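Here's a quick tour of one model, with a stop at a single side chain and another at a pair of helices. Have the coordinates open while you read.

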Amino acid sequence: MPKLRALAAAVATIGALAVAPASAHAAYWVGLGDSFAAGPLIPSQTLNPLGCLRSTRNYARLASTQLGVSLKDASCSGAETAEMTTPQATSAGTNPPQLDAISSDTRVVSLQIGGNDIGFTEILTNCQTANPFGRPCQDKYVRNGVDELRARITATAPKVAAVLSGIKARNATARILILNYEAILPSSGSGCWPQVPMAWADVPYVRGIQLELNAMIAREASKAGARLVDAYTASLGKDACKSSGTRWVEPLVPGNAAAPFHPNARGMQGVAGPVAAAAAGA
């Protein structure tokens, strides 16, 4: 979801994150997507390339291990829909076009994409405030009755559809699993400023944007005949406002090894169960 190319240099300097060897090509399951799929800063991080900030404990790796099947993990932090079919340059290496990982032997494809297309890093940055009063986020993105962020979601829908079509074009029989995005904010209320430094009046608005993004993903999944894995519902009550021992998504200052506003290892483990069940046809 949020672009994290700049974090690659930080990974190399964090001694606690042991670097794991690159996984060999494996065709049964292919994992695609952005940072929510990759798992930035969750130990351990892989070398293929390091700039993708891809964890050995992301949900595709955990779920494929649970099922005892091989995996080719092509996910990369910062990925947009365009980088499913074009190389992605990172600050530490280039990730090949993600759809190239799919072969005739692939049986499962998992995908989480779309957040970077609507600019979620920019949104989270612009909506942060040292003053919980006011509504700076809405003031920036809603003008003269026009909501720029909802327009971005509308524009991203055909791009997600094209990715799903591209997967089918490469393998018409693979089971396609597409995930929506885990809850960053509580499902009700005005948030938890300053843990998540967003103005109280802006919290319902930003929550609504995420819900609309997730609804768009669900619609495109249905039209394409893909299986939706509802990571959002699974993560309710485990958002970034919760304690470090409960939450699946980290706040601005993480208390667990993970990037800000991204899933931690607990979140990846929590999502891996539904993903594995969907992959197995449950």
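Which backbone atom lies 3.0 Å from a polar atom of the side chain of Asp-147? It's the backbone nitrogen of Leu-149. Asp-147 itself sits in strand 9, which covers residues 146-147. This aspartate counts as buried because its relative accessible area is 14%, under the 20% cut-off. Skipping neighbours within four places in sequence, Asp-147 is in contact with Tyr-141, Val-142, Tyr-205 and Ile-209.

Before going further, a word on confidence. This is a predicted model, and the protein averages a pLDDT of 92, with 90% of the residues scoring at least 70. Residues 5-24 are another matter: pLDDT stays under 50 there. The model still has 35 contacts for that stretch beyond four places in sequence. Where pLDDT is low, the predicted coordinates should not be read in detail.

Now for the helix pair. The axes of helix 3 and helix 9 come within 8 Å of each other and cross at roughly 50 degrees. The crossing is right-handed. Here's who makes the contact on each side:

| Helix | Residues spanned | Residues making the contact |
|---|---|---|
| Helix 3 | residues 59-67 | Tyr-59, Leu-62, Ala-63, Gln-66 and Leu-67 |
| Helix 9 | residues 265-279 | Met-268, Gln-269, Val-271, Ala-272, Gly-273, Val-275, Ala-276 and Ala-279 |

Key. Residues numbered from 1 in each chain as written. Predicted model: local features only at pLDDT ≥ 70, side-chain atom pairs only at ≥ 80, totals over all residues. Heavy atoms only, no water. pLDDT = per-residue confidence, 0-100. Contact = heavy atoms within 4.5 Å. Helix = DSSP H or I, 4+ residues; strand = E, 2+ residues; numbered from the N terminus. Buried < 20%, exposed > 50% of the residue type's maximum accessible area, 1.4 Å probe, protein only. Polar contact = N/O pair within 3.5 Å; in protein donor to acceptor, adjacent residues only side chain to side chain. Axes fitted to C-alpha atoms, helices over the stretch in contact; angles between N-to-C directions. Left-handed = near helix turned anticlockwise from the far one by under 90°.
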